[in-house]
Amino acid sequence: MNGKPMWCPPARTRSYAVPIAPVEDNAAEQAALLAEAAQLVRAGIRAGLVQAPKPAKQNELGPSSVWATCVGCQGQFSRHLASVQPKCSSCRLEKKCCKNCREMFQPTYHRQVTCGEDCRRNLMQATAMYRRKPWVVVACENCGAEFEKAPASPRKNCGQACGFASMVRKIKKK
Ligand SMILES: [Zn+2]
Ligand SMILES: [Zn+2]
Ligand SMILES: [Zn+2]
């Protein structure tokens, strides 16, 4: 703020404030308007005048992005029209020391701490929380393939792709 105390009407004048318009009438009117609008939209969809927006796909570009070739891995990545970024997001990450085998590796995502799936599992199994109970084999929610997880883990899918697929299905169901 500007350092001055906030203004508020003196107590004796508060009772003279303009009364708020009754809510009920307004609410009923608005509900009727909304219902009419919904009917209009439905009629528009039936007549083909209105089209529901399609959800953007993972591999589709937004209106202000372009595909570019990464100088590091020669792979394709999307960047902003005005950007001159030469590397994809994973090539921009610095090499890290694996928390399990202590070897340097190139991470592909920001929070990665181990060099691969084996090291990730070994590290988790070594953690006290995961050491208490043996890992269990469960079926993937999406593809039905069996995979191992710690009993405390909330994992329901065998991998990132299946997780994404079942997430999309859940959103579509709603
Ligand atoms: Zn790259
Ligand atoms: Zn490792
Ligand atoms: Zn799966």
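## How to read the model

Residues are counted from 1 along each chain as its sequence is written, and chains are lettered from A and ligands numbered from 1 in the order in which they are written. Because the model is predicted, local features need pLDDT of at least 70 and side-chain atom pairs count only at pLDDT 80 or more, while totals for chains, interfaces and linings use all residues.

Let's start with two strands (DSSP runs of E, at least two residues, numbered from the N terminus). Strand E5 covers residues 136-139 and strand E6 covers residues 146-149; they pair in the antiparallel sense over 4 bridges. Pairing here requires at least two bridges found by DSSP between the strands. Across the pair, Val136 stands opposite Lys149. The hairpin has 6 residues between its strands, and Gly144 takes a positive phi near 85 degrees there.

Glu146 belongs to strand E6. Leaving out residues up to four places away in sequence, Glu146 touches Val137, Val138 and Ala139; contact means C-beta atoms, placed from the backbone, within 7 Å.

Is Glu146 buried or exposed? Glu146 is exposed because 9 other C-beta atoms lie within 10 Å. The cut-offs are 20 or more for buried, 12 or fewer for exposed, and partly exposed in between.

## Two loop residues with positive phi

Most residues other than glycine have a negative phi. Gln74, however, has a positive phi near 60 degrees. Gln74 lies in the loop between strands E1 (65-69) and E2 (76-80), and it counts as exposed, with 9 C-beta neighbours inside 10 Å.

Arg102 has a positive phi near 65 degrees. Arg102 sits in the loop between strands E3 (96-97) and E4 (104-105).

Methods. Two residues are in contact if their C-beta atoms, placed from the backbone, lie within 7 Å.
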